[in-house]
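User: I'd like to learn how to read the sheet and the cores in a fold like this one. Could you take me through it step by step?

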Amino acid sequence: TKAAEEAADARAVSGDPGFALELAQALIHVARLATGVRTLDVASDPMIGAPSAALQIVEFSDFLCAACQRASKMNPIFLANHRNDAVFVFKHFPLDTMCNDKVSRMVHPGACHLAAASECAHLQGKFWPFHDRIFEDAEHHKTTNVVDVVKELGLDAVQFRACLSSGQGMAAVKHDIAEAAKANVQSTPTYIVGGIPVPGGRSGSRQASPTPLTDAPKGPGRS
């Protein structure tokens, strides 16, 4: 019901630990049903774990989404229980009309730029440190550039700028947005566990067009 959705929204926004626990329990439940299923192209995406792992968990996220920030802290806890049988994949779904034509209005201006920047960090093998650093202080970075993070992580600044200016990073983001459409992703974060969608974001973050969407190599370790 609408009242139930609004209550869930409030819990997500407030950071209620019980809400995170329920999301984790939902992921565990779906994981038991979804081993071996593959539905999305993740060949060049940042991932934790072996690509051939029995269970594939894909998260569609937005660096400026508060629920995604909390999920980024929960994900390692969930994965700790599936070290040997799961691969975790990160994909982008910024709620920013600058690059995402699946959202009906601007929600998180600057999210597309951060997503593209993270892909440029990924090309230098530093996606996860970049991911962690941005989620630690996303508000600071949404209105400024990420030069400080580039320096902090020891990235090649010339290569990083070339990646951004050429559109290479943004192309990867738009590929993820197209993949999101296949899975009918409309909120962030949304997990695709063995092909089964598990929305983890508040319903108020569902900013996609009301028109129904189309149904739907990195080695082990963090890269």
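Analyst: Let's start with pairing: two strands count as paired if DSSP finds at least two bridges between them. This is a predicted model, and in it S4 and strand S5 (residues 196-199) run antiparallel, joined by 4 bridges. The hairpin of S4 and S5 has 2 residues between the strands, and Gly-194 there takes a positive phi near 55 degrees.

User: What is the order of the strands in the open sheet?

Analyst: The order is S1-S3-S2-S4-S5, an open sheet of 5 strands with mixed pairing. Strand S1 (47-48) and S5 are at the edges with a single partner strand each, so one side of each has no neighbour in the sheet. S1 runs antiparallel to S3 through 2 bridges, with Met-47 opposite Val-89 in S3.

User: Which residues stand across from Ile-192 in the neighbouring strands?

Analyst: Val-58 is opposite Ile-192, and in S5 the bridge partner of Ile-192 is Pro-197.

User: Which way do the residues of S4 point, and are they buried or exposed?

Analyst: Thr-190 and Ile-192 point one way, Tyr-191 and Val-193 the other, and all are buried.

User: How should I think about the cores?

Analyst: In soluble globular proteins, nonpolar side chains tend to be buried together. Here the largest nonpolar core has 35 residues, and those touching the most other members are Ile-57, Phe-63, Phe-130, Ile-134, Val-146, Phe-160 and Tyr-191. Elements that each supply at least two residues of this core include S2, S4, H3 and helix H8 (157-166). H3 gives the most, with 6 residues. A second, separate core of 15 residues includes Leu-40, Phe-60, Val-103 and Ile-192.

User: What does Val-146 touch?

Analyst: Leaving out residues up to four places away in sequence, Val-146 touches Leu-114, Ala-117, Phe-130, Ile-134, His-141 and Phe-160.

User: And how do I read a helix such as H3?

Analyst: An α-helix has 3.6 residues a turn, so residues three or four places apart point the same way. In H3, the buried residues include Ala-67, Ala-71, Asn-75 and Phe-78. Helix H3 (residues 66-80) also bends by about 30 degrees at Lys-73, with Pro-76 following within four residues.

User: Which helices lie across the sheet strands?

Analyst: Two to look at are H5 and H9. H5 lies across S1, S2 and S3, at about 60 degrees to S3, while helix H9 (residues 168-182) lies across S2 and S3, at about 110 degrees to S3.

Key. Residues numbered from 1 in each chain as written. Predicted model: local features only at pLDDT ≥ 70, side-chain atom pairs only at ≥ 80, totals over all residues. Heavy atoms only, no water. Buried < 20%, exposed > 50% of the residue type's maximum accessible area, 1.4 Å probe, protein only. Bend = angle between axes of the 7 residues up to and from the residue. Core = buried A, V, L, I, M, F, W, Y, C linked by side-chain atoms within 4.5 Å. Contact = heavy atoms within 4.5 Å. Axes fitted to C-alpha atoms, helices over the stretch in contact; angles between N-to-C directions.
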